[in-house]
Structures are given as C-alpha cells and as structure tokens.
Amino acid sequence: LVLSRDYSTYEHNVATLFDECYNLAFTQQMKNKDIPEGGSKGVILPDPSNGTQNSEQSPAMQKSCFAKYLNSLLDCMLPEQQPGIFSGHMAGRKEILFFGPDENTANFMDLGAEIGKVRGYPYWKALTTGKSVKFGGVPHDIYGMTTASVHTYVTELLAKLGEDEACITKFQTGGPDGDLGSNEILVSKDRTIGIVDGSGVLFDPAGLKREELMRLALLRAPVKEFSRSFVGRGGFLVTCEETNVTLPDGSKWSTGAQLRDNFHLTPYASADLFVPCGGRPNSVTTGNVKTLFNADGRPKFRMICEGANLFLSDGARAVLEKAGVHVFKDASTNKGGVCSSSLEVLAALAMPEEEHSKLMTYNPDETQEPPEFYATYVQQILSVITENARNEFRAIWECNQKDGLPKIQCTSRLSIKINQMSDSIQTHFKSGMSEQEKKQLVRSVLLRAVPPILLEKLGLEGILARVPENYVGALVGAWVASKFVYKHGINASEVSFFFFMRSLVAGEEAAALPSVPATKRPAEEAAAPPAARQRLGSA
C-alpha cells in the first residue's frame, strides 16, 4: 500500500507503479524458490492526501482500501459464489492465493483473515500470514524471521573472509522502529556508525552506543529518540523536521527530510558492511552508484547484504560487484519472511480448526507465554530459515568461486534453475509417475520438509488428509528442486538428479531435525548474547 505525502509524490508513484509492482513480483518469484507458494505482488495506491481527516491517506481509508482490494480478489477465488466473475486459470484445480504483509499492510493481516471467514473462504486461516498470535500467526517482526535469513548471510560471509563481526563497521537504512531495522540491531555485534529511518539521520564515526540502540529497538522507537548525550565528536542526529541543516563537513541541506532521503549517497555513508533494512526501490541505480565510491575510486563498502527489496538496481549491483564488493541481493538474503509465512500457511492448512485454535493461538493480553507447541514450532521455523539461507549462501559462494560468475548472477541462475526444476517436477508428478512412486516420493519428502512437531502431532496421514493435493505437489517440487540445486550446483548433471530422485523415491529414512528449545521474544533476549531470532508478497 503506497502512500503519497503530496500530489507530486502521487504523480511519481502513478508513473512508476507498474514497474515497481512487476519488479517486486519478479523478485518475489525468485525469492520463493524454497517454498510451495509462487511469488507475486499487488500494489494499492490511494488518492493523494488532501490534508483532511477523510483523506485517502488516513489510517481509516487505508484500511478501507485494503478491505476492498481483498474482497475483489475473494470474488475471483470464490467462483461458486456471486458474482462468480472468475474461475481461475488452473484447469481442474482450485487456485489458492495467500496474502502476506508488506509496506503499510502489516496491521491488516488479522482483518484479512476475518474477511475471509465472513466470506466463507474454506482456507481463511491461511489466507493472510504474519497475523497476530490471536489468529495463529507468526509475526515476522516479533520473531525476527527476515533478519534470521539476512544476518545468516552476514555471518557466513564473515566466516569465509575470516573476520570477526565485532571488529567491523556497519551502516544501515531502516531504523529501530521497523521490523528489519530493529532486529538487525538486536542480533548484530558490529560497530554501527550510521542509521537512517523515517524520522531522520543518526551518525557517529566512533560507533553508535549499542545499549542505546538496543533500547530503541526493544521499544520500536525511531532514531530521533536516540539520546543526544551519547552522540560523540563528529557525530550528529538530524530529524526530518529540522531546516537549514549544516553538517560537520560543511555540507548544507535545506531540510532534514532532504538529508534523510540522500544520506546513503553522502561521504558519511561509508563502512565495512552496508545492510539496507528499509528504503524505497531503486534508491541506488546506475545513475547514482558512483556516489558509493570514494574520490580515489575505492568502494565505500566492502560488503552489502540487502534486507530491503530492490534497494539497489541490478545495474548498480553489477557495478559494485565488478569493483570487488561482496554483494548479496534481496532474492537470496531476505527470504526468511516468506519461509516463515509458508510454514504458517502449512500449519493452518494441515491442522483441524479446533487443534489450530488450541495449539497455535493465544491472547497475549491474558498470558505472556504461548502454547508449548507454538513456541517449538516457531523455533523450528527459524531453524528452517537459517538452514535455507546457509545452503543458498554456500551454493552462491561455490558458483562464484568455481565458475567465476558474479554473485548476483549466481542468485538469478540458482533461482531460475530451482523454479524451472520445481515446475518440471510438478508436471511429472501429476502425469509421469505411477501412484506407488508418487506415494513414496510424497512421504519421503514430507518427512524431511515438514517441521518435526507438526509431524509428531498430526502424523503423515493427518497432513495428507487436510492439505490440498496441489499444495502438496508444489511443496514436493520446491523442496526437491531447492535441495538438489543447493547440494549439486547449477551445472549438475541429469545423472546426479537421477540418483538424487532415486534415493527419495526409495523412501530412505529421513534425517530428523534436532530438537530445539522454545523461542524467546526480543525483550527476553535483551540481556542474553544476540542470536538470530516476512511473505507471501502475494499482495
């Protein structure tokens, strides 16, 4: 849901709406390679603000826009009901859509589920993801799902380079008031020198006081609430409301908002690591990427791990990587949220409504502790996210080192290879396998792909009895394709795939995931050593 603070911003958003939606959908498809759900994106652009309480930009009207958008798609997803305007494009199979939180829609996920229930949609519990715990959701922000993936790339890269995280400097966009920004602060150990968020710019060349950053992250407070007493020599805090701003280097800015929008392009934005955790698409393009280099031609960052979608254009990424920067793009790094949402969907589809309500929902106003099943399931989701991120990182690294391809190309080729294989497997699964082979493959894959606690509670038969057949087929295709490509690489032979598939169809014993303790909330982890703690983008 894209907001426009004035008419000129609205006109710009209108002009770029299709390209932004298409590029985000394409990135989503590349990102969703590990999961059964395909990638797509929808954009809602309300009329520009008119400065009144009834403005289309007001919270009430944002909610109304979202409800109308979802109801329109439910009209298509419920062809047996009036008006019955569309029966889907998947011949012989129901088309199932899922909606996940994105820009300005995170607070509407509960509303989406309620609308689905009222409309009689059979999979209403799974219709939206990232819902509140009252609806059995697994909030990405509370448990740091996207950050678990992004930060795994950081730690894996540092391990390859033989560097200590505590000894590097970092710059990030997206502050302590947001999902990625707050969780990045809570799990990292680096020396953060600068942060930009919606409220302003915070900078300290000696490193921002981590205890104060963590305080803001736990409160979900913006950088403008950072105590100025902790800002060191040569540092500054500039809020968006300020005017006639002069920085220590003598540069002048008419407003703090102007500085905020361009700070990542200034000489101050220079560190070992850059982690974009927020910002508009194409904030860095081939037109301005030169500002990410020093006067002597050296890049201002040695490492970039994209948390925010499309922060850098492909052209800008290519320029940076050619200059020696380790660039890991969004389609690989920030897939933790979609993995979490997919497993949230699986639980909602697989569990009978009574058990789902008992084991996957609770009211935080009445109890601080979630059901034991829920806590364990969340922890196992985090294990899956970390494993997927680690597997893909290593596949990209090997592709880069062995085949000499740029890492951004490795991401694209891995994603395309996995998605194509997944489609082919699903086609073969429907028409090219005997029932016995199909049964063996499904059982073998589900024993490996489904979190252990869900298998333990429902059993294989219970899951197969409730989860739609086409969803099971998609799950099998995505799991087989991703695991094969991560293990054998993008140039693996058909012979390797033959033996890989034969081992699965033979029903070899699945390796069980290790048992994991119940997860803690960020507030409970504040005093403990930091540990890695979004999706579906279908709308």
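Colleague: Is Asn244 buried or exposed?

Modeller: Buried means under 20% relative accessible area, exposed over 50%, and partly exposed in between, with a 1.4 Å probe and protein chains only as cover. Asn244 has a relative accessible area of 66%, so Asn244 is exposed. This is a predicted model, in which local features need pLDDT of at least 70, side-chain atom pairs count only at pLDDT 80 or more, and totals for chains, interfaces and linings use all residues. Residues are numbered from 1 along each chain as its sequence is written, and side-chain values use heavy atoms, with hydrogens and water left out.

Colleague: Where does Asn244 lie, and what is its phi?

Modeller: Most residues other than glycine have a negative phi. Asn244, although not a glycine, has a positive phi of about 50°. Asn244 belongs to strand 5 (residues 243-246); helices (H or I, at least four residues) and strands (E, at least two) are DSSP runs, numbered from the N terminus.

Colleague: Where is Leu310 placed, and is Leu310 buried or exposed?

Modeller: Leu310 sits in the loop between strand 8 (301-305) and helix 10 (314-322). Its phi is near 60°, a positive value in a residue other than glycine. Leu310 is buried, because its relative accessible area is 10%.

Colleague: How many residues of helix 6 are buried, and what span should helix 6 have?

Modeller: The expected span of a helix is 1.5 Å times one less than its number of residues. Helix 6 (residues 145-161) has 17 residues and should therefore span 24 Å; its end C-alpha atoms are 25 Å apart, which agrees. Of these 17 residues, 13 are buried, and helix 6 is thus mostly covered.

Colleague: How many residues of helix 7 are buried?

Modeller: Helix 7 (residues 179-187) has eight of its nine residues buried, among them Leu180, Ile185 and Val187.

Colleague: At what angle do helix 16 and helix 17 cross?

Modeller: Axes are lines fitted to C-alpha atoms, for helices over the stretch in contact, and angles run from 0 to 180 degrees between N-to-C directions. The axes of helix 16 (residues 435-449) and helix 17 (residues 452-466) come within 11 Å and cross at roughly 155°. That makes helix 16 roughly antiparallel to helix 17; angles under 35 degrees count as roughly parallel, over 145 as roughly antiparallel, 65 to 115 as roughly perpendicular and the rest as oblique. The crossing of this pair is right-handed. A crossing is left-handed if the near helix is turned anticlockwise from the far one by less than a right angle, and right-handed if clockwise.

Colleague: What angle is found for helix 16 and helix 18?

Modeller: Helix 16 and helix 18 (residues 469-488) cross at roughly 70°, with axes that come within 10 Å. The two helices are therefore roughly perpendicular to each other, and helix 16 passes helix 18 in a left-handed crossing.

Colleague: How many disulfides does the structure hold?

Modeller: A disulfide is a covalent bond between the sulfur atoms of two cysteines. With the criterion of a pair of cysteine sulfur atoms within 2.5 Å, the structure holds zero disulfides. Cys76 counts as partly exposed because its relative accessibility is 22%, whereas Cys167, at 61%, counts as exposed.

Colleague: What does the secondary structure of the protein come to?

Modeller: The protein has 20 helices and nine strands. Buried residues make up 55% of its 539 residues.
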